[in-house]
Amino acid sequence: MKVARHLFLVLWSVQIIYAQKTAVPLPYAATKTDTSKLAMVVAPHPLASQVGAKVLRKGGNAVDAAIAVQFAMAVVYPRAGNLGGGGFMVIRMNDGQTNALDYREKAPLAAHRNMYLDSLGNPIPRLSQDGHLAAGVPGTVAGLLEAHRKYGRLPLRHLIDPAIKLAAQGFPISEAEAARLNNTQEAFRKFNTRPSAFLKPQWQAGDLLVQKDLAATLIRIRQKGAAGFYEGKTAQLIVQEMQRGKGIITLEDLKAYRPVWRTPLIGQYKGYRVISMPPSSSGGVALLQMLQMVEPFNLEQYGFHSTKAVHIMAEAERRAYADRAEFLGDTDFYKVPIDSLLNPTYLKRRMADFQPDKASASTSVGAGKFQLSKESFETEHTSIVDVQGNAVSVTTTLNSNYGCKVVVGGAGFLLNNEMDDFSVKPGVPNQFGLVGNEANAIEPGKRMLSSMTPTIVEKDGQLFMVLGAPGGSTIITAVFQVLLNVVEFGLDLDTAVNAGRFHHQWLPDQILIEENALSPEVRKELEAIGHKLQQVRYMAVIKAIQKLPDGSLLGVGDPRNPDDDAEGL
Ligand code: DON
């Protein structure tokens, strides 16, 4: 099992990124960093970030731009951009107000705890990852339309039309996309019985990807709003697709789906105010826990990627992920002890057994213990001054590349395989090697636990940074490290993003290390104090914006994704 986990993590980290060179010149190119005095969009594909920038030029606000980018991404970045998935949006408006939208997928009403287990109670390999049964009820369309209802300035059609055009007229795909599509042909054929735009014997860079069915679905959303997806023709097509593939999403599931506004989690780190996503993502809790656990240490003095600093940070990561496995889940179903988990006394105690010269053992760390305090989910601080510009940090996903590989016949979009983010059985790792328990067990209508960590940071009441990433379980540690790289170790944002990263998630008891992270000496020293190291090619892929002291914005995409693009106005 342990070997399988290692193997999975290596394969997964290799498959998430293709750093290949594009042989055919494309009519678009990604810019990794950009600066602007006005506004900035950083997205995983230039065609999507350009759509966002155009919306901003037209007078749309950051939420409008985020919505338009998400719709465009559903077309130009089908591995993850989506209509058939879900996500999280953290918002900080220019009046200082913050908000968080949870549009995570939900377990269908017919889902049950043991649905991925065989008669002996063992997980059936890949059942929660591939095919129709792996899909949760999609949340993206409802989420984007709700964000628009509350914050949108431009009419919805301005935000969807660019995506419709891209889908109907097609766009030339990059070599990375061609390679990904080629690698997925077999799975597409296995899990689909209807024609789809993605099926082709051999894709090449520069080939046009035309998605007529997707364009028609987007037009129905433009005409009817959420009902254009969750009711009527699109809903019927989803249910027909489910029936073809023994899936369980029904018309009732679709009609009942609602996104939820949640109070963002807010914490402090050495004068910075960190605003992040509460459950059903674990991202905000774990990020704030890790920051508080390392705050008493003088990381800056130890130095960037020094053995001491990496050891402290990895031990904080270990403890936060141990808590994640035990306590984190959908707060609508499970009483997550957020206040206790973020209590400063608890977090101090959590690091009490930290040894400067010895790695802890995950078997002895386990989940933390505390007396449950009276829990409150209210916001802690909302007094913010002198803000310039609205900020949105949004992360969305289908989970795996191209989700469960099922394209809804006649509707042209892929469905997620987010059900794998539940704990299908206590202690059994999911595709990211994460384990869980009761808090994240499958229940009808429940949201599966996420690691997505859309985050906004303030300094002195001013917007300071916007960041987030894809990358499964490694998202949280990537956000943690990029933030510390800037605020603690004093790196420029692009150096901070480019720098190699390391990742501990409690189980397996090892530190994953990117190829270019940590010198051979530091690696040796970490091993000498008992850490097990496992090298991987890449992990999470950060997209960040920093407001610089002169008031300008620095946007940084991640070289780990060749298509990451920063687009300043
Ligand atoms: O919600 C989560 O934590 C995962 N479903 C995210 C998946 C992801 O980031 C895939 N990217 N490589």
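Phe 489 is buried (under 20% relative accessible area, with exposed over 50% and partly exposed in between; 1.4 Å probe, protein chains only), at a relative accessible area of 12%. The structure is a predicted model, in which local features need pLDDT of at least 70 and side-chain atom pairs count only at pLDDT 80 or more, while totals for chains, interfaces and linings use all residues. Residues are numbered from 1 along each chain as its sequence is written, and side-chain values use heavy atoms, with hydrogens and water left out.

Phe 304 is partly exposed, with a relative accessible area of 32%. The ring centres of Phe 304 and Phe 489 lie 5.8 Å apart with the planes at 70 degrees, so this pair is edge-to-face (pairs have centres within 6.5 Å; planes under 30 degrees apart are stacked, over 60 edge-to-face, the rest tilted). By this rule nine aromatic pairs are counted. Phe 188 and Tyr 402 are also edge-to-face, at 5.5 Å centre to centre and 75 degrees between the planes. Phe 188 is buried at 0% relative accessibility, and Tyr 402 is likewise buried, with a relative accessible area of 0%.

The ligand has 15 residues around it, of which Asn 399, Glu 418, Asp 421, Ser 450 and Ser 451 come nearest (a residue is near if one of its heavy atoms lies within 4 Å). For Ser 451, a polar backbone atom is 2.7 Å from a ligand oxygen atom.

Key:
A polar contact is a pair of N or O atoms within 3.5 Å; within protein, one must be able to donate a hydrogen and the other to accept it, and residues adjacent in sequence count only if both atoms are side-chain atoms. Rings of Phe, Tyr and Trp (its six-membered ring) pair if their centres lie within 6.5 Å; planes under 30 degrees apart count as stacked, over 60 as edge-to-face and the rest as tilted.
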